[in-house]
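Please look through the structure below with its interfaces in mind.

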4 protein chains.
Amino acid sequence: MSKSILNVYQGREYPYTYSAAHEPIAKVDPGQTVRIHCVDCFENLLVEEDQKFSDVCEYPYLNPQAGPIFVNGAEDGDTLLVHIEDIEITRDWAVTGLVPKFGLLTPTAVTEMLTESIPDIVRKLPIRDNRVWFGDLSTELSPFMGTIGTAPKLEAINALTPAHYGGNMDCPETCAGNTVHLPVLNDGALFFCGDGHATQGHGEIGGVACEVPVNLVCRFELIKGEAIGWPRITNEDYMMVVGSARPLEDATRIACTGLVDWVSAEYDMNSTDALLWITQILELRVGNVCDPNYSVVAAVERRLLEAG
Amino acid sequence: MSKSILNVYQGREYPYTYSAAHEPIAKVDPGQTVRIHCVDCFENLLVEEDQKFSDVCEYPYLNPQAGPIFVNGAEDGDTLLVHIEDIEITRDWAVTGLVPKFGLLTPTAVTEMLTESIPDIVRKLPIRDNRVWFGDLSTELSPFMGTIGTAPKLEAINALTPAHYGGNMDCPETCAGNTVHLPVLNDGALFFCGDGHATQGHGEIGGVACEVPVNLVCRFELIKGEAIGWPRITNEDYMMVVGSARPLEDATRIACTGLVDWVSAEYDMNSTDALLWITQILELRVGNVCDPNYSVVAAVERRLLEAG
Amino acid sequence: MSKSILNVYQGREYPYTYSAAHEPIAKVDPGQTVRIHCVDCFENLLVEEDQKFSDVCEYPYLNPQAGPIFVNGAEDGDTLLVHIEDIEITRDWAVTGLVPKFGLLTPTAVTEMLTESIPDIVRKLPIRDNRVWFGDLSTELSPFMGTIGTAPKLEAINALTPAHYGGNMDCPETCAGNTVHLPVLNDGALFFCGDGHATQGHGEIGGVACEVPVNLVCRFELIKGEAIGWPRITNEDYMMVVGSARPLEDATRIACTGLVDWVSAEYDMNSTDALLWITQILELRVGNVCDPNYSVVAAVERRLLEAG
Amino acid sequence: MSKSILNVYQGREYPYTYSAAHEPIAKVDPGQTVRIHCVDCFENLLVEEDQKFSDVCEYPYLNPQAGPIFVNGAEDGDTLLVHIEDIEITRDWAVTGLVPKFGLLTPTAVTEMLTESIPDIVRKLPIRDNRVWFGDLSTELSPFMGTIGTAPKLEAINALTPAHYGGNMDCPETCAGNTVHLPVLNDGALFFCGDGHATQGHGEIGGVACEVPVNLVCRFELIKGEAIGWPRITNEDYMMVVGSARPLEDATRIACTGLVDWVSAEYDMNSTDALLWITQILELRVGNVCDPNYSVVAAVERRLLEAG
């Protein structure tokens, strides 16, 4: 463990892709706590309600990330653990709204139709008393990283798309107190993050959460020589696997298959027993049903896997 | 409110369809508490682990229901409220297992493939100390009705399929303390229920929960002249809408659209505001991803819709 | 073969469901040629362009069928062959249009959204010179039965939904010269048909074809003791299997699995060889992507399965 | 038109991604006929039936492409026309087979399950007399480019995935005599091609076509300042749009929406009329239902859009 926190600033153009082609903005050792300074998913450019999303954003320059961060010692085939210590919201308001042709309940660029899209709307939501306010309604802050992951091998994927390396999963479980396990597919792992959310409901159905700039305070750890296929999230209580795909049942299949295999291995159960029992105790949490791939978290409580 | 509970027994063949063609087994008044005696989804015929599912069940004679119950005064266009007071498990063991070509993680009759299905397996799980036991692992009882609904208009749909009238939603929220709102599509509503689950994880991914015979203790109430499109579930804290369809995102779309519309109406918000806010506070719970239609519950906490 | 054609008229209310609960309108012997008189899918009630679909149709009273016809000698487990000899269009215009919340390119009752549906539009298209006319554009008549099938076991399914027993497949291959193979699931097979189409593009993407009243001229044949899981269509050149499900890839999976199995059996190939070869020669034809289940035809030419 | 054909050889490592990051292998003028020499999708490394796919291929080093070719004068916002003059098969046998966890009728890396995958099988199919032979069965050669497209903006996408820039569409219409229209998203368009197929059935359901090394003989043309969203294919008779997505209905929605818009513009019809008429005359051809995105071609005959 390191004594002091290393602040990491972007200091150059934000990457809009998860890719090994970007020059690292920092090289850090496992164990070193870092504070990564991130803009919001609109690059902090949406500041007034009379703006429109289309005034400031143009595909594919969307969802700017911080990174990549080179983790010393990481090699293809390892697993990167990201211990999230804190997610500091660095603005006293969130921005939300509707983006044309984006979201679950409108025709989109993928679910194309001949009928009208939802409109282009921007809303600023004050943050005070540890709550986000929508007029006189409010909800608790529950900050997490909407987008977090490592560079894929060979490819450069837009930062809107969650996949096997993480990315834009929009899962509320990527929050302080949890550890995100990511596959290492390139030397140095090449960690990216962004898209801070002050809070978000399951599925991010409207397409936009309570978007805020944040500092991700985290510490990296490496598991050498152990590869994982899809991101995992752990804490003292839970084992979780995240799957991302379309349609939504395929995201669920990936997450559940991964969880059954993991529980089988860790608790020395055969696959049939693991399936039978997980069927009775599984928790499914829909991360997003708006992004190019949908994301689902399959979770089990460890206490239900232990005798007693 | 009535003073005593009316016990309702099937007393004739179990219906395997949700349909207005079945003769009612009882006629009850709103306000009358009833105790409806139900067999398990295997008609209580799986009693030994060396049996196979295929020994006792043959399509379409699956998931026998109790009912229909004629609710006096119910007419097409009303809404039936089912206040669930208790779900009494009437056996000290549950049955679970795997059914060939059924479940999320195997080729099925719908997701047909040329490769092997999961095998036919039966397991008996003891119930004691308010827990279900799988060897030396255990989890809390959390009983609910896997299947509950009213007869559709004109049609007779197999009891495995959830749809707009309810049916085999496999949503853990159809439990004691909650009120299920069902569309009335025929005179007398024609209420059915069955498929008691001692507990079940989200999605019922293996295809079979902890199946038990149960008594459903409930009380009916009518909302005259108010129709709903899809089932709702309420309690003091939550408003919930259940959607059932394939693929899973369409089930989610139905549930979320219904919830946005309902919240708009009840809290006098326009549809855009309701969508923006629900996006931040929504809870999605996957009922099933194994049945002919998948089911998703979209839920919001009422306190987050009220100023303060 | 019978000498004369037996005319079959409905003579009572049209059924809106595929179900064994309807009284047969005729009992016919295999080999007897019948002419079944059918109204169009709007019960011949849309006759002016200033009408709206919603003026004349209300769910679930949609797509009235002729039938059921009891085929003497048919028993559960047999296969019914329907040799289509002719489809006679009995009106000199077709009706088409758009139905709100129906079709591939609009939010629907299943793919529910918060945005606007397509409008309610009615168009009359003249038929002359063996062509259907849309203003000064025209296309060849290519009449077929949009809906054709047998009663399912136990269930009563609305006539809009294609399934394992046939129904509203909207496949242009159910036309004169072809033989439709249907599972017999009840005594007498209980054959239904309706929804005559003067012509239709693949997928019926707008939701409404060139709808016409027709007479189906056909002859029944029974294959005793041989059951099929899903409809087949044959002619001298082709073997075809129809699958119906959502999403569209599952309909395709059903059709392709059925075709591989059938070709394996008929041409004495193992399943792997059949898959390898069919992959190179398959024709897929999308029947509908607008109905409650989508339908896909998987077809192979027999000449490509025979040495030489 | 140029007088002589320019032969283009790879001359360096094959790219496995569609990306602007690769150095062009040639710069060519519009109008110049080129012959692009391509290896098969297994890099010509599968040469014996006792090999396995997994012996020679490892994700993500799959489907090696020829390219990129820089088309002089092409700029972001243009459209690149690729006039396919010939596809020359350069080997007297094709390779096909089954790839574990790939194909429509097996659990895959996306449709993950706990059950067994199809096996790893390699087959060599002789080509003679203009036919491909599978034992004593045979079918006509019908060569086309399985993979063809331009570099996307910013991203680098694996060559297995079809998308808005083309890529691995596996559509038999990318054949000699047809013109493929591709969006230009980078200076020089950056054209890639590969994955020659001697023939293939619709959907490539087994996952592997009759794979052959080919020379693509084609001529480029630019339409300056006119952008398209998705690939189009044209010949004298047809207008076609290709959509790629999951689930399969979304690929179909993209293709059909694109076609309705294009026909509206080109034939001066309003969108409603275009939809109504295309519904009656559409042809849908399923390119693939095995790749990371599925591809569908929506086609209309021009003669049905012209009066007379």
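**From the interface to a single residue**

The contact between chain A and chain D takes 26 residues from chain A and 26 residues from chain D, two residues being in contact if their C-beta atoms, placed from the backbone, lie within 7 Å. On the side of chain A that touches chain D, the elements giving two or more residues are strand 2 (17-19), strand 12 (156-158), helix 2 (248-267) and helix 3 (271-281) of chain A; here helices (H or I, at least four residues) and strands (E, at least two) are DSSP runs, numbered from the N terminus. Helix 2 of chain A supplies the largest share of that side, five residues. By residue class, the side of chain A that touches chain D divides into 14 nonpolar, six polar and six charged residues, where Ala, Val, Leu, Ile, Met, Phe, Trp, Tyr, Cys and Pro count as nonpolar, Asp, Glu, Lys and Arg as charged, and the others, Gly among them, as polar.

The model is a predicted one, in which local features need pLDDT of at least 70 and side-chain atom pairs count only at pLDDT 80 or more, while totals for chains, interfaces and linings use all residues. Residues are numbered from 1 along each chain as its sequence is written, and chains are lettered from A and ligands numbered from 1 in the order in which they are written.

Taken as a whole, chain A has three helices and 20 strands, and its C-alpha atoms fill a box of roughly 60 × 45 × 40 Å along the principal axes. Of its 308 residues, 59% count as buried, that is, with 20 or more other C-beta atoms within 10 Å of their own, against 12 or fewer for exposed residues and a number in between for partly exposed ones, C-beta atoms being placed from the backbone. Among contacts in chain A between residues at least 6 apart in sequence, 76% join residues at least 24 apart.

In chain B, Glu221(B) is found in strand 16 (residues 214-223), and it counts as partly exposed because it has 14 C-beta neighbours inside 10 Å. Once neighbours within four places in sequence are left aside, Glu221(B) is in contact with Pro30(B), Leu81(B) and His83(B). Glu221(B) and Lys27(B), which are 194 residues apart in sequence, lie 14 Å apart in space, C-alpha to C-alpha.
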